[in-house]
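Open the structure in your viewer and keep the selection tool at hand. The stops below are taken one at a time.

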Amino acid sequence: MGMFCHFGINTFFDKEWSDGTLPASGFAPTDLDARQWVDTAADAGMRYVVLTAKHHDGFCLWPTDTTDYSVRSSPWRGGRGDVVEELAQACRDAGLGLGLYLSPWDRNAACYADPAAYDDFYVRQLTELCTRYGPLFEVWFDGAGSEGRVYDWGRIMDVVDEHQPDAMAFNMGRPTIRWVGNEDGLAADPCDYVVSAVDGDTGSEGGDRAWLGEGRYLPPECDVPIRRHWFWQTDDLATLKSLEHLLAIHHRSVGLGAGLLLNVPPDRRGLLDDHDRARLAEFGAELRRRFGSGRPGVLTAEPDPATGPGTPTDAGTTVVRVDLGARTPFDHVVLGEDLASGQHVTGHEVLVDGEVVAAGGTIGVRRIHAFDEVTADRLELRLTGAGAALAGVTAHRTGATRAPVLEEQPDISAQKVDAPAT
């Protein structure tokens with residue numbers, strides 16, 4: 001689970017998308033403190049922070065050598081500030097990963113109309129980000145606005161491979177993780193890690209069909225804003241998501257084996273809004289209360305006699321018996337698949353005293369089930385899938401016997417989006 005920070009020139013003009021003409025002088029945070037962002041993320045259980053180093057408007061949050069449209073031309077820190085560096089240092093000090101978002105679409109760069117010249121420009125920007133700020137946890141490529149545009153992704157990804165070989169690459173180029181297909185933060189069951197098709201366009205050389213072939217290992221990352229909009233706005237506090245809705249997002253992203261990237265945007269002070277921080281703290285505290293401790297089981301796997309003699313690597317059912325060590329009341333189980341040789345579980349059932357209390361498709365790195373409270377000292381998992389195996393099962397008593405409920409959410413305001421000319 002990570003925290004997304006949409007921050008930039010849009011923050012100061014109540015915009016979600018701007019067209020690259022907002023004055024750099026408008027970027028003027030009065031009290032920017034990246035440590036506050038990182039401390040808030042860490043307290044909520046986040047493991048990394050992703051910053052919009054450059055959004056579609058082209059404004060750069062670091063003093064790039066490629067354009068004057070950056071913090072260097074702003075009054076902040078007398079034109080000598082570097083938001084990326086301040087966040088990088090805060091992440092290092094807190095032990096959190098740093099991710100950087102660099103929009104391919106650039107509405108300010110005059111060279112964008114010349115694909116070859118812009119590829120040179122973009123590669124220089126990416127090289128700066130990949131070489132100035134230490135190890136990166138993730139490089140985030142947003143496909144918005146780039147529909148039909150061909151970038152030199154081979155060259156672009158060579159920069160990542162050379163300078164940040166351990167970084168995850170989101171969505172485009174040669175991605176290692178994929179967009180889940182919506183901005184609601186929601187995955188679905190099955191949540192397959194190996195896919196032969198993706199939502200959107202990776203821009204990969206030869207096209208997605210050729211690059212994906214019979215399948216690539218691309219677990220999904222679910223992104224969603226904590227309010228109606230991605231950038232902080234003066235007029236959308238009423239759209240701050242409820243605790244119940246955030247828990248429902250968690251259940252349908254992390255709880256289905258996907259990653260979750262929750263956007264919490266800094267405001268015009270350069271600080272996370274107090275209301276957002278309070279809600280995020282509430283969210284983190286409730287997750288710790290529900291899942292911070294539990295009773296892990298001892299697992300014993302064997303083929304299901306009903307499926308024939310076989311072995312656990314056959315396509316039949318594998319039975320996993322779970323010994324909790326003592327009679328334990330619980331209303332949730334958290335399952336983890338053994339992914340050493342890849343994702344193999346295609347279906348599963350959770351049984352207590354011979355009764356099915358939960359069932360589903362894939363498991364992946366984590367699967368969370370809620371059900372009416374039971375008391376038992378053992379339970380049983382029936383797994384479908386060749387090579388299906390579990391890494392762990394933990395029973396939790398949360399007091400919540402149903403999955404959290406999603407609430408209706410408002411759409412982004414069209415008035416805050418400077419749409420490109422058609």
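Helices (H or I, at least four residues) and strands (E, at least two) are DSSP runs, numbered from the N terminus. Residues are numbered from 1 along each chain as its sequence is written. This is a predicted model, in which local features need pLDDT of at least 70, side-chain atom pairs count only at pLDDT 80 or more, and totals for chains, interfaces and linings use all residues, while side-chain values use heavy atoms, with hydrogens and water left out.

**Stop 1: a loop between two strands**

Select aspartate 353, in the loop that runs between strand S14 (347-352) and strand S15 (355-360). Aspartate 353 has 67% relative accessibility and therefore counts as exposed; the classes are buried under 20% relative accessible area, exposed over 50%, and partly exposed in between (1.4 Å probe, protein chains only).

**Stop 2: the open sheet**

Next, show the open sheet of 8 strands, whose order is S5-S4-S3-S2-S1-S10-S9-S6, with parallel pairing. At its edges stand strand S5 (168-170) and strand S6 (178-179); each has a single partner strand, so one side of each lacks a neighbour in the sheet. Two strands count as paired if DSSP finds at least two bridges between them. In general, strands of a sheet pair through backbone hydrogen bonds, either parallel or antiparallel.

Zoom in on strand S2 (residues 48-54) and strand S3 (residues 97-102), which pair in the parallel sense over 6 bridges.

**Stop 3: backbone exceptions**

Most residues other than glycine have a negative phi, and most peptide bonds are trans.

- Arginine 77 is not a glycine, yet has a positive phi of about 55°. Look for arginine 77 in the loop between S2 and helix H2 (83-94); with a relative accessible area of 39%, arginine 77 is partly exposed.
- Asparagine 171 also has a positive phi, near 85°. The loop between S5 and S6 holds asparagine 171, and a relative accessible area of 10% makes asparagine 171 buried.
- Select aspartate 189 and proline 190 together: the peptide bond from the former to the latter is cis, with omega near 10°. Proline 190 belongs to the loop between S6 and strand S7 (194-195).
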